[in-house]
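I opened the model to look up a few local points. My entries follow in the order in which I made them.

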Amino acid sequence: MVTQIISTMETQVSNGPAANCLSNGPVMGSSSTDDSKTNLIVNYLPQSMTQEEFKSLFGSIGDIESCKLVRDKITGQSLGYGFVNYVDPNDADKAINTLNGLKLQTKTIKVSYARPSSASIRDANLYVSGLPKAMSQKEMEQLFSQYGRIITSRILVDQVTAGISRGVGFIRFDKRNEAEEAIKGLNGQKPLGSAEPITVKFANNPSQKTGQALLTQLYQTAARRYTGPLHHQTQRFRLDNLLNASYGVKRFSPITIDSMSSLAGVSLTGPSGAGWCIFVYNLSPEADESVLWQLFGPFGAVTNVKVIRDFTTNKCKGFGFVTMTNYDEAAMAIASLNGYRLGDRVLQVSFKTSKQHKA
DNA sequence: TCGAATT
């Protein structure tokens, strides 16, 4: 858990023209000339960046033959990448040297030569989940390399726990058919010595988040910023106000911390450096992350909340998870919120049980 | 009634 702040490392594994994402290639009017030394792909652009800002940034390096920020055809949202074709190959080189790795908002942009446009290299990007936490990027590549030439790979890591793998990553193959073969060969397979099968599927486009997800992300950032070391009494008071204001109900469970921690036969999801995971049951189908922040935030440091939704309906499946940093604050939240009436529902709140090592 | 992860 605790995967809000994400840092990643990506290495270039190809020789020659650098990797890219998708292949719109040189944009308009480039005819049959060789663009390999002038045409660049720019990845990991901030969602909010406009075509004008994009052009302005890269135009500051030198004359641009053409440039295009790639957008979703339907929504018009930026897909987080674009192409710049310079007039002078020296400017392309200069753009890579000066703008690659530039930090813009929460993103670190990547500037590299675009591969020649062709249908065969499209949709060759895979999303992999369920990777063993101990698996390195190199090991992941070894696993996939039997299916083709890997252009880029990445394993996502959790920054707040000092770079522990989140067990998910990306593999971009040179060719789509290589990616297809990798799915056939590896999806549902257990990597050597691992008990869990991995999931391998085609990746979504980058930076494609729902407006809801973006709002949630913003809210989580803000909430964490203001989660200060308030005294418990004050927090109680704050919670009362919050809940009264928000839901018009009030009730604290009489369950004590001691009775909570003496539950027999269940192993708790431990601190594990990432905090204490709390299971929240009986949320309404309309519940969203903000409810969990409001409920748990007043008790102390909350690092992560998650409402589990049905994939197709996007409605809450009735439960969610909250991660809190400190045991006593988590215990206090559980003691106070278990049995809490939220609208016409009575919440059940407990430490998340671990299916893995239950006795 | 105890998850899923999207650069």
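I began with E178: a polar atom of its side chain lies 3.4 Å from the backbone nitrogen of R149. I worked on a predicted model, in which local features need pLDDT of at least 70, side-chain atom pairs count only at pLDDT 80 or more, and totals for chains, interfaces and linings use all residues. Residues are numbered from 1 along each chain as its sequence is written, chains are lettered from A and ligands numbered from 1 in the order in which they are written, and side-chain values use heavy atoms, with hydrogens and water left out.

I placed E178 in helix α4, residues 176–186 (a DSSP run of H or I, at least four residues; strands are runs of E, at least two; both numbered from the N terminus). E178 is buried (under 20% relative accessible area; exposed is over 50%; 1.4 Å probe, protein chains only). I found no salt bridge for E178 (a side-chain nitrogen of Lys or Arg within 4 Å of a carboxyl oxygen of Asp or Glu). The nearest side chain of opposite charge is K175, 5.9 Å away. Beyond neighbours within four places in sequence, E178 is in contact with Y147, G148, R149 and F173 (heavy atoms within 4.5 Å).

I turned to helix α1, residues 51–59, where Q51, F54, L57 and F58 are buried. They cover an arc of only 130° around the axis, so they sit on the same side of α1 (the arc is taken over directions from the helix axis to the C-beta atoms). E52 and S56, on the other side, are exposed. The buried residues of α1 pack against several elements, including β3 (64–71) and α2 (89–99).

Note on methods
Lys and Arg count as positive and Asp and Glu as negative; His and the chain ends are not counted. A polar contact is a pair of N or O atoms within 3.5 Å; within protein, one must be able to donate a hydrogen and the other to accept it, and residues adjacent in sequence count only if both atoms are side-chain atoms.
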